Amino acid sequence: MLHSALINVMVKAARNAGRGLKRDLGEIEHLQVSLKGPANFVSLADKRAEEVLYKDLAKARPGYGFIGEEGGNREGADKSHTWIVDPLDGTTNFLHGIPQFAISIGLQREGTIIAGVIYNPANDELYIAERGKGAFLNDQRLRVAGRRQLNECVIACGLPHIGRGDHGLSRDEMTELQPRVAGLRRFGAAALDMAWVAAGRFDGYWERNISPWDVAAGIALVREAGGYATDLDGGESPHQTGDVLAGNEMIHRELQRALKEAAK
């Protein structure tokens, strides 16, 4: 199907970077890996992918700013547009040979996310969304799931690990939700968790201590698939507040209510 020039730019960059990641996935044992923090690995694969993305996006839209997980903030002449990029979301999965990882490219215009591309090169699933034009997986239109009762729902979440997050609060949230849902899942790639909400595979998703590049593209996808993507207080800019909650209108509201109970 035909896409806008903007989406074509984003897709081309994602596919170019994805080729290197797919190659590296088959050679995990040869990757040079350094430790950026407790259980937070960064590899040469991340850095190479980000440079490919930066070069492709900067060539197509030379004035736009760029925020990347590895390279930080690179300001552009056009102060109203910024790419928000994770070159390898799910690095720990990637380094263990688990094919649940993705390239995530979001575009912010004056603080609002207007487009997103999420690409998993391991299985060639390409998710795209542009404001007002819908969300798609490999050209198939996406809609969030229609379930209205938590006891029918599979919910994705983040789980804090060594050196990161509030473990006590996480346990309280699990205690609150486990008896009320059909299942909880922690797959380790926030961008794909949000893409899967948009695709109706997950009914909802929440996570705390999240970075803007983890969720920027997913915000566009969930909203264009008819869902809600906010922070845990219902704010419209989860890429700026550090926590995220996504689902259809009913499930989003029920999850928000349950998580507030857990936080008391």
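Author: Strands S9 and S10 run antiparallel and are joined by two bridges. This is a predicted model, where local features need pLDDT of at least 70 and side-chain atom pairs count only at pLDDT 80 or more, while totals for chains, interfaces and linings use all residues. Residues are numbered from 1 along each chain as its sequence is written, and side-chain values use heavy atoms, with hydrogens and water left out.

Reader: What makes S9 and S10 a pair?

Author: Two strands pair if DSSP finds at least two bridges between them. S9 and S10 have two bridges, so they meet that definition. Leu-137 has Gln-140 in S10 as its bridge partner. The two strands form a hairpin with two residues between them, and Asn-138 in the turn has a positive phi of about 45°.

Reader: What counts as a strand or a helix here?

Author: Both are DSSP runs numbered from the N terminus: a helix is H or I with at least four residues, and a strand is E with at least two. Strand S10, for instance, covers 140-141.

Reader: How is S9 joined to S8?

Author: Four bridges join these antiparallel strands.

Reader: Which residues of S9 are buried?

Author: Gly-134 and Phe-136 are buried on one side, and Ala-135 and Leu-137 on the other, which leaves both faces of S9 covered. Buried means under 20% relative accessible area, exposed over 50%, and partly exposed in between (1.4 Å probe, protein chains only). In a regular strand the side chains alternate between the two faces of the sheet.

Reader: In what order do the strands of the open sheet stand?

Author: The order of the eight strands is S4-S3-S5-S6-S7-S8-S9-S10, with mixed pairing. Strands S4 (72-74) and S10 each have a single partner strand and stand at the edges, so one side of each lacks a neighbour in the sheet. S3 (residues 64-68) runs antiparallel to S4 and is joined to it by three bridges.

Reader: Why is Glu-110 called exposed?

Author: Its relative accessible area is 68%, so the value lies on the exposed side of the cut-off. Glu-110 is in the loop between S6 and S7, and has a positive phi of about 50° although it is not a glycine.

Reader: Why does Asp-124 count as partly exposed?

Author: Its relative accessibility is 37%, so it falls in the partly exposed range. Asp-124 lies in the loop between S7 and S8.

Reader: How do you know whether Asn-248 is buried or exposed?

Author: The relative accessible area of Asn-248 is 11%, so it is buried. This residue is found in the loop between strand S15 (243-247) and helix H8 (249-263). Its side chain reaches the backbone nitrogen of Ile-251 at 2.8 Å.

Reader: Why are H4 and H8 called oblique?

Author: Two packed helices are described by the angle between their axes and the distance between the axes. The axes of H4 (residues 167-177) and H8 come within 8 Å and cross at roughly 130°. Angles under 35 degrees count as roughly parallel, over 145 as roughly antiparallel, 65 to 115 as roughly perpendicular and the rest as oblique. H4 and H8 are therefore oblique to each other.

Methods
Polar contact = N/O pair within 3.5 Å; in protein donor to acceptor, adjacent residues only side chain to side chain. Axes fitted to C-alpha atoms, helices over the stretch in contact; angles between N-to-C directions.
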